[in-house]
Amino acid sequence: MGKDAIPLFKGTYTGGEKPHHWLRRLEGQFELTTALPERLHKFTMHLDPGNKAEQWYKKLGDADKASWNTLLEVFGRKWPLAPTVEHTRDELLHRLERRVLLETEIGQLVGDKDEKIYTHVKWAQDIRVLADALEDDRGHLISNARRGLPLMVRRLLPSSGIDTWDTFLAAVTTLSLSRIEDELEQEAKFKSRDDWQKSVNTIMSQFQQGTSLQSALKQPPPTYQYANTYQAPRQQQIPRQQATPGAPFVHQTPPHASITTPQQQNSPQPATPQRNTYTREQLNPFISPMPIARGNLFNPQTPGNPEQQTPSRVSNMELAKRAIEFSKVQPNTAEGVTAYHEELRKWEEQYGTSQEVDFMCSPYPLTPGTQIIGSRECFKCSHSGHISRFCDNPTQISMKEQWWRGRIAAIMFDRRPQMDNAGVSQINVMEEQLPYKPAIYDAGSIVFEEEWEEQGNGAGARA
């Protein structure tokens, strides 16, 4: 059917059918001198065979077909013209401010199959209708409509010379797609950099929650208390006997060597010094109370055998590989399309339509008949052989799936350059760590390629 061909009229309002629009197009085929029989013939030839409209026409009497105006009147009673709804100015202004173009919709095609247009062009057309209805000839409401555009689009608009509706909407509709893609790529890099900074801040915050060197140095030294020094009692001096000439020598037993047990006296006992018991951690605040396992500032380990410990951090490369392993592509058949829509419905039912696709949720369902993620495919049409910048395929996937495929490819093939770690001992160079949900990606079963012995200086001499 050609572009200007008139479709067959069914009279069922299905498929966006508008009876009076169809009738007006049919009348456009007539001349002022076209006779009634020829008009009736063309009218019947444009009725869908066996449908509601044809059955209605067959039941009409000759009086209803006596003239063309009579037939139009009978047609209007069967399919009455919908009344025109006139909105108030407040309602039109509210619709103007509520017409928002989301950043995730940029670059998508909307409309009928033969008349697809980009979303920013469709936005400009809708704003044009509302501006005409509001009769804003001087462009006072341009700033209200401009707030409905994403920031990246507003940055691409000229800073001056768009003070009328014609110039403003023309600037929006003529935006370069390549510049829009550049802005999208820059926004993605900024967001990735912010996520990396948040990850570093989280690690440093967790480290600072422990006992820092400054808090340890501020602790006062332990106080020691000692008793008086014990003084042993002096022994009693025995007076030396004066020898008398001619007298026999009598051996005198010293008092302390007497055979008889002297009666014990309640003499004061020496004071026992009081000693405080301190642990080695109290005497030295820098001594760890537990054996220190090998590790470093950003990758501490728990005591024990390092080979029996499970790493607490999962690399982005392993997350991407596990996402590829979990993803599947349905065949481009009726059954495959049905299964894809069911998977998409369950995903959106669980996470919501506004959820950003990342490793905190399960892998996003892939369009049937496309390439698997991580296969160097085009992000727009998900087919191989070209990149998204040079994609001319009119059939494109959703923005969420494009973002998901781009993120996996960035991890798999766009690795960051290694940092210069000369002179650094026992410090890991950490990549930008993305958050993930262990319940989905099963961190405990991921096999790590890095060895614990390959940290820091490796085989070189230790500092």
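Let's start with Asn144, which touches Leu93 and Glu97 when residues up to four places away in sequence are not counted; contact here means heavy atoms within 4.5 Å. This is a predicted model, in which local features need pLDDT of at least 70, side-chain atom pairs count only at pLDDT 80 or more, and totals for chains, interfaces and linings use all residues. Residues are numbered from 1 along each chain as its sequence is written, and side-chain values use heavy atoms, with hydrogens and water left out.

**Around Asn144**
- Asn144 sits in helix H7, residues 142–146; helices are DSSP runs of H or I with at least four residues, numbered from the N terminus.
- With 15% relative accessibility, Asn144 is buried (under 20% relative accessible area, 1.4 Å probe, protein chains only).
- Its side chain makes a polar contact with the side chain of Ser143 at 3.3 Å (a pair of N or O atoms within 3.5 Å, one able to donate a hydrogen and the other to accept it; residues adjacent in sequence count only if both atoms are side-chain atoms).

**Helix H15**
- H15 covers residues 399–413, and its 15 residues reach 21 Å from first C-alpha to last, close to the expected 21 Å (1.5 Å times one less than the number of residues).
- Of the 15 residues in H15, 11 are buried, including Trp404, Arg405 and Ile408.

**Cysteines**
- The whole structure has 0 disulfides (cysteine sulfur pairs within 2.5 Å).
- Cys378 is buried at 1%, and its sulfur lies 3.8 Å from its closest cysteine sulfur, in Cys391, too far for a bond.
- Cys391 is buried at 14%, and its closest cysteine sulfur, in Cys381, is 3.7 Å away, also too far for a bond.

Note on methods
Buried means under 20% relative accessible area, exposed over 50%, partly exposed in between (1.4 Å probe, protein chains only). Helices (H or I, at least four residues) and strands (E, at least two) are DSSP runs, numbered from the N terminus.
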